[in-house]
Amino acid sequence: MLSKFEFDALAEWHYSEGEWNEFVTIEKANKKEDNIYFGIGILVLSTIGLMIFRNTSFLTALTFAIPFSILIPYLRMRFSYKHLKYNVKKPFVKIYENYILINNHKIEVSSTKKRIKGLKIIKAKNNLQLLEIDIQWITRKGPTNDEFRVLIPHNKISEAEKLVNQFYKKV
């Protein structure tokens, strides 16, 4: 039997195609910047790690590190952010207790393996505001996280603030 949360959305937001396309442009730029830093981190740490732990030369370590520093961020962007598409007809976001539904793409945010670490409203370009949901899960090397951001419609700012306040009351 499905719980109450499977039926009742905490928030349901609809957008025009223009609003959605503007959001996708902003969010893809944010994700691209995140992935560039991620790739640089992989490049630096794996090069140093290979040189220290495998006693390789700098050029050999760099030769192995470069493909991973490009491939991993690319695959992360390609598979993790399928919901960021342009020209979606009738774009929408539904926020539930355990997941977010973005144009029929389900993103799990809370389960036995994942939890919501933080929730906040951030300002973006063009006077837009985004709801940032920071998801955390445990790996063998310790906790890791990712952020998902959704556009807050101008007439739903108070609803988003209420969501943030309710989240921090629970925590």
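Two strands count as paired if DSSP finds at least two bridges between them. I start from that rule, and I note that the model is predicted.

**Entry 1: the sheet**

I looked up the bridge partner of Leu 130 and found Leu 151, in strand 7. Strand 6, residues 129–139, pairs with strand 7 in the antiparallel sense, and I read eleven bridges for the two. I then looked up the sheet: it is open, has three strands in the order 5-6-7, and its pairing is antiparallel. Its edge strands are strand 5 (114–123) and strand 7 (142–152), each of which pairs on one side only. Ignoring direction, neighbouring strands of this sheet are turned by 20 degrees against each other on average. Helix 2, residues 17–53, packs on the sheet and touches strand 6 and strand 7. The direction of helix 2 makes about 155 degrees with that of strand 7.

**Entry 2: helix 4**

I checked the length of helix 4 (residues 157–170). Its 14 residues, at 1.5 Å a residue, should span 20 Å, and the end C-alpha atoms are 20 Å apart, which agrees. Next I looked up which residues of helix 4 are buried, and found Ile 157, Ala 160, Leu 163, Val 164 and Phe 167. They lie on the same side of helix 4, because they cover an arc of only 120 degrees around the axis. The face turned away from that buried side carries the exposed residues Ser 158, Lys 162, Lys 169 and Lys 170. What do the buried residues of helix 4 pack against? I found strand 1 (11–14), strand 2 (92–95), strand 5, strand 6 and strand 7.

**Entry 3: aromatic rings**

I searched the whole structure for aromatic pairs and got five. In one of them, Trp 20 and Phe 23, the ring centres are 5.1 Å apart and the planes are at 55 degrees, so the pair is tilted. Both residues lie in helix 2, three residues apart, which is about one turn of the helix. Trp 20 is buried, with a relative accessible area of 0%, and Phe 23 is buried at 1%. For Tyr 96 and Tyr 99, I read ring centres 4.6 Å apart and planes at 25 degrees; planes under 30 degrees apart count as stacked, so this pair is stacked. Tyr 15, Trp 20 and Phe 23 form one aromatic cluster.

**Entry 4: Ser 69**

I found Ser 69 in helix 3, residues 58–80. Is Ser 69 buried or exposed? Its relative accessibility is 10%; buried means under 20%, so Ser 69 counts as buried. Leaving out residues up to four places away in sequence, Ser 69 touches Gly 39, Ile 42 and Leu 43.

Methods
Residues numbered from 1 in each chain as written. Predicted model: local features only at pLDDT ≥ 70, side-chain atom pairs only at ≥ 80, totals over all residues. Heavy atoms only, no water. Helix = DSSP H or I, 4+ residues; strand = E, 2+ residues; numbered from the N terminus. Buried < 20%, exposed > 50% of the residue type's maximum accessible area, 1.4 Å probe, protein only. Contact = heavy atoms within 4.5 Å. Axes fitted to C-alpha atoms, helices over the stretch in contact; angles between N-to-C directions. Expected span 1.5 Å × (residues − 1). Arc of directions from axis to C-beta. Phe/Tyr/Trp six-rings, centres within 6.5 Å; stacked < 30°, edge-to-face > 60°.
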